[in-house]
Amino acid sequence: MLYQTTGSNSISHYPFTSSLNVNYYLGKFFFNVYYDTENSYVDGENAFLRKMPTGYSASAGWASRGWNIQLSLVNPFQSSWKLSEDTLTTRWYDNNMTQFGSDYHRRISLTVTYTFNYGKKVSQSGELSGEKNISTSILH
């Protein structure tokens, strides 16, 4: 991305960022690895330069018959609660602001979901199946 603003808060910023997202499926098991380099951009409303830290995660799970169980490890080596550092530099003043949140802080999550079927069966092509024992697609 190339950022160029004009006026009293003009700024030119040409960041280089990259990300990697790898998914692997092995039968009913799935694995994911994600990495995102430090990211920065210029906020179009106020010309702040916003810098965010690196983010990374690894997850593994199992899915079968409506059940989906997933364990995720997010940013395991980052203890900071910092979301971003925002900077505005003008001819008259400078403004530095730090935002905090949990997006880049280390965490472990376990997610268990169950999806139940209801209504008429629809194939991937969007066609209704010929099952006769289903009378409506509305859940009562």
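These are my notes on what I looked up in this predicted model.

**Ground rules**

I number residues from 1 along each chain as its sequence is written, and I use heavy atoms for side-chain values, with hydrogens and water left out.

**Entry 1: overall make-up**

I looked up the secondary structure and found zero helices and eleven strands. Helices (H or I, at least four residues) and strands (E, at least two) are DSSP runs, numbered from the N terminus. Read from the N terminus, the chain is β-β-β-β-β-β-β-β-β-β-β.

I then checked burial. Of the 140 residues in the chain, 24% are buried; buried means under 20% relative accessible area, exposed over 50%, and partly exposed in between (1.4 Å probe, protein chains only).

For contacts (heavy atoms within 4.5 Å), I took the pairs at least 6 apart in sequence, and 46% of these join residues at least 24 apart.

The accessible surface is about 10,700 Å², and carbon and sulfur atoms account for 55% of that surface. The areas come from the Shrake-Rupley method with a 1.4 Å probe; for residues, only the protein chains shown count as cover.

**Entry 2: salt bridges**

I searched the whole structure and got three salt bridges. The criterion is a side-chain nitrogen of Lys or Arg within 4 Å of a carboxyl oxygen of Asp or Glu.

Which residues are linked in a network of salt bridges? I found Asp-43, Arg-50 and Asp-86. Asp-43 meets Arg-50 at 3.8 Å, N to O, and Asp-86 meets Arg-50 at 2.8 Å, N to O. Asp-86 lies in strand S9 (residues 82–89) and Arg-50 in strand S6 (residues 49–52), so this pair ties together parts that are 36 residues apart in sequence.

I also looked up how far these side chains are covered. Asp-43 and Arg-50 are both buried, with Arg-50 at 14% relative accessibility. Asp-86 is buried too, at 1% relative accessible area.

Another salt bridge joins Glu-85 and Lys-82, with the closest N and O atoms 2.7 Å apart. Here I noted Glu-85 as partly exposed at 37% and Lys-82 as partly exposed at 29%.

I followed the side chains along S5 (residues 39–42) and saw them alternate.

S5 pairs with S6 in the antiparallel sense over four bridges; two strands pair if DSSP finds at least two bridges between them. Asn-39 stands opposite Met-52 in S6. The two strands form a hairpin with six residues between them, and Ala-47 in the turn has a positive phi of about 65°.

**Entry 3: a nonpolar patch**

I looked for nonpolar surface and noted a patch of about 1,000 Å², with Trp-67, Leu-71, Ile-108 and Tyr-118 among its residues. Patches are made of residues with over 30% relative accessible area and no salt bridge; like charges are joined within 9 Å, nonpolar side chains (Val, Leu, Ile, Met, Phe, Trp, Tyr) within 5 Å.

Which strands each supply at least two residues of the patch? I found S8 (67–74) and S11 (107–114). Trp-67 sits in S8 and counts as partly exposed, at 41% relative accessibility.

Note on methods
Predicted model: local features only at pLDDT ≥ 70, side-chain atom pairs only at ≥ 80, totals over all residues.
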